[in-house]
Amino acid sequence: MEEQACPRCKTTKYRNPSLKLMVNVCGHTLCESCVDMLFLKGSGACPECMVPLRRNNFRVQLFEDPMVEKEVDIRRRILRDYNKREEDFATLEEYNDYLEEIEDIVYNLCNNIEIIETNKRIEAYKRDNREIIQRNKARVGRDEYALEELLELERVQEESRKKELDELETEHKKKKARDKQALIEELMYSGKDAAQIVSEFAEKAEKQREEEKQLPPPKAATEFSTGIKFGQSADPTLLPVPKSDEGPLFVYEPFIPYTEGPVPPQAIDVDTMGYIQHIRVETPQENAGGFTSTMACQRALEEALQCLYFTPTAGLGVGL
Amino acid sequence: MYPLSSQRRSWTFANEEQLRVFRVEQNTKYIEEHAAEAPSPDNLNDYFLTPDEERLLLKQYEIYLIDFCRRFEPPMPKCVIGTAFHYFKRFYLNNTPMDYHPKEILATCVFVACKVEEFNVSINQFVNNIKGDRNKATDIVLSNELLLIGQLNYYLTVHNPFRPIEGFIIDIKTRSKMINPERLRPHIDSFMDSIFFTDACMLHTPSQIGLASILHAASKEQENLDTYVTEALFVSAPEKLRGLIEAVRKIRMLVKNYEPPEREAVKVIEKKLDKCRNQNNNPDSELYKERLRRLYTDEDDMPADDASFHIADVSSDTSAMNISQ
């Protein structure tokens with residue numbers, strides 16, 4: 001900002017770095033004081049290019065390069081009309097063509113190429129797509145409105161919280177002052193032992209602090225000042241979770257395997273008694289799945305010993 | 001777990017007599033139903049199969065079954081063979097071969113066994129192992145699948161003796177003083193092969209069959225495992241020892257008494273079967289095709305000619321598929 005000088009009063013820029021540069025539609029910059037002077041005199045023309053100007057066309061410059069400012073300005077103006085979205089197009093190609101057209105127009109206007117031609121194009125487009133433009137404008141409006149509401153909400157919540165905190169602070173301070181005062185009075189006028197009085201007060205202070213903690217936290221604001229309710233974060237259409245009646249609690253009963261045969265060895269015995277040596281070690285893939293050779297060994301032994309004592313009677317077989 | 005399984009509850013019987021009763025019952029029921037088809041009412045047994053002929057036929061087809069499984073590509077694990085045998089035997093306890101030809105049921109049993117024992121074979125891979133018309137075989141297997149499962153009363157889990165045998169070998173290696181129990185394996189394998197041709201799997205528990213095969217192999221190797229049995233296994237319940245010894249003896253008798261049927265006799269029976277079988281279930285017969293046709297089309301529009309069904313196959317070969325050599 002300091003390097004740029006206002007083209008009219010060149011000196012004033014260096015002297016006052018806080019002075020802002022204003023820019024207008026033709027892209028030329030003027031410092032604030034020069035703008036005022038220009039319009040005091042009553043003539044509304046840019047000093048460099050003599051394009052007629054209006055006072056409110058001047059905006060505070062955001063970018064160093066005036067060309068960029070100009071382009072940004074043009075783009076904003078164009079996009080207010082060319083506000084179609086991707087959903088409005090059938091294919092990606094069409095959308096890309098549309099975007100390219102916008103770029104062409106902006107470029108032309110920025111560099112003063114075929115201005116009349118381009119303006120005609122813009123007019124034609126506006127006429128053809130009037131409804132779509134209107135609809136999209138409305139849509140944008142709605143989104144912004146919703147956002148604004150949310151912001152408002154947050155702001156108000158913030159304010160109310162701050163207010164409460166302040167009140168709490170002052171309350172607290174006042175109480176402390178009162179307590180101190182009471183202590184001093186006691187010491188002065190009562191006949192009791194000084195140390196006792198002090199300890200009494202200390203206890204009371206403790207108790208009060210406890211009570212404070214127990215106080216419920218201040219109720220959060222649920223209304224705008226106008227009475228409109230807000231803060232409904234939970235979806236009012238959802239019902240609260242129904243409480244299910246719990247039946248009798250599950251009691252674990254250990255599984256007693258039923259074998260009509262000799263008792264098979266337990267898992268520990270499989271290792272200690274040497275059964276495990278006679279079975280192959282599990283592969284890493286099997287181990288990853290939680291499978292161990294002890295299991296295989298135990299299973300083989302169990303199956304060998306199951307129902308050794310069993311003598312079958314009539315089976316059911318037929319159709320049952 | 002075998003003690004809690006359906007196999008023990010409903011598919012294990014007390015003795016061979018019970019099994020024979022079931023089979024005879026099925027046979028007589030079929031003959032009564034189809035008595036009208038016989039050419040002469042007095043010689044029913046000449047036309048229809050007798051229970052003994054049925055037994056012979058089924059024995060032959062069991063041999064075909066094991067051949068089929070042995071030559072199967074990809075190589076089939078033993079438990080699948082065991083399960084297929086179980087299904088085959090159980091099915092023919094409640095049905096007669098005249099109703100459903102053993103060839104078809106054989107293929108279906110193996111297919112279902114593959115699925116149940118998680119030996120995944122697609123139907124295409126499966127019929128590649130069958131000689132003859134592949135499409136027809138596919139149709140037959142798939143259409144009989146549900147029938148088979150239903151006849152087994154949907155009890156598909158089968159406990160085979162293979163794991164108990166492994167368990168016993170581990171136990172022997174750990175607890176008895178036998179030298180090199182691995183010698184027993186070839187004898188065990190051959191014993192198990194013969195076991196499946198008998199009805200032992202429906203009369204005894206898998207662990208008893210396993211123990212019987214171990215003892216048989218031991219005696220073949222001139223080893224004596226009686227001390228192992230009495231001390232290690234029955235130390236806590238000596239009174240059950242007798243029951244077990246009885247069971248083992250019976251199993252070994254069954255295996256010893258088994259003799260494969262003669263080819264010539266079986267051929268005669270097969271010819272007889274072709275004539276007396278239930279034509280409703282014969283995929284080659286006109287009756288079957290007619291039934292299917294009616295099943296798949298509306299009553300109003302009967303197609304003039306059913307080129308659409310590939311079951312309407314005009315091969316001169318009368319047998320549905322060639323599984324045997």
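## Exercises on chain B

At 54% relative accessibility, B:Tyr154 counts as exposed. Keep in mind that you are working with a predicted model. Let's start with this residue and its neighbour in the loop.

**Exercise 1.** Find where B:Tyr154 and B:Asn153 lie, and decide whether B:Asn153 is buried, partly exposed or exposed.

*Solution.* 
- Step 1: Locate the residues. B:Tyr154 sits in the loop between α8 and α9 of chain B, and the place of B:Asn153 is in the loop between α8 (134–151) and α9 (162–175) of chain B.
- Step 2: Recall the cut-offs. Buried means under 20% relative accessible area, exposed means over 50%, and partly exposed is in between.
- Step 3: Apply them. B:Asn153 has 23% relative accessibility, so this residue counts as partly exposed.
- Step 4: Look at the backbone. Most residues other than glycine have a negative phi. Phi of B:Asn153, however, is positive, near 60°, and B:Tyr154 has a positive phi of about 60° although it is not a glycine.

**Exercise 2.** Work out how α5(B) and α6(B) are oriented to each other, and which kinds of residue form their contact.

*Solution.* 
- Step 1: Find the helices. α5 covers residues 78–94 of chain B and α6 covers residues 102–116.
- Step 2: Read the geometry. Their axes are 8 Å apart and the packing angle is about 135°.
- Step 3: Classify the angle. Over 145 degrees would be roughly antiparallel and 65 to 115 roughly perpendicular; α5(B) and α6(B) are therefore oblique to each other. Their crossing is right-handed.
- Step 4: Look at the contact. From α5(B) come residues including B:Tyr87, B:Phe88 and B:Phe91, and among those they meet in α6(B) are B:Ile105, B:Leu106 and B:Cys109. The residues of this contact divide into 15 nonpolar, one polar and no charged.

**Exercise 3.** What is the form of the peptide bond from B:Glu73 to B:Pro74, cis or trans?

*Solution.* 
- Step 1: Check the location. B:Pro74 is in the loop between α4 (51–70) and α5 of chain B.
- Step 2: Read omega. Omega is near 0° for the bond from B:Glu73 to B:Pro74, and the bond is cis.
- Step 3: Most peptide bonds are trans.

**Exercise 4.** How many residues of α12(B) are buried, and what span is expected for this helix?

*Solution.* 
- Step 1: Take the length. α12 (residues 206–220) of chain B has 15 residues.
- Step 2: Compare spans. α12(B) reaches 21 Å from its first C-alpha to its last, close to the expected 21 Å.
- Step 3: Check burial. In α12(B), 13 of its 15 residues are buried, which leaves the helix mostly covered.
- Step 4: Look just beyond. B:Gln222, which follows α12(B), has a positive phi near 60°.

Note on methods. Residues numbered from 1 in each chain as written. Chains lettered and ligands numbered in written order. Predicted model: local features only at pLDDT ≥ 70, side-chain atom pairs only at ≥ 80, totals over all residues. Heavy atoms only, no water. Axes fitted to C-alpha atoms, helices over the stretch in contact; angles between N-to-C directions. Helix = DSSP H or I, 4+ residues; strand = E, 2+ residues; numbered from the N terminus. Parallel < 35°, antiparallel > 145°, perpendicular 65-115°, else oblique. Left-handed = near helix turned anticlockwise from the far one by under 90°. Contact = heavy atoms within 4.5 Å. Nonpolar A, V, L, I, M, F, W, Y, C, P; charged D, E, K, R; others polar. Buried < 20%, exposed > 50% of the residue type's maximum accessible area, 1.4 Å probe, protein only. Expected span 1.5 Å × (residues − 1).
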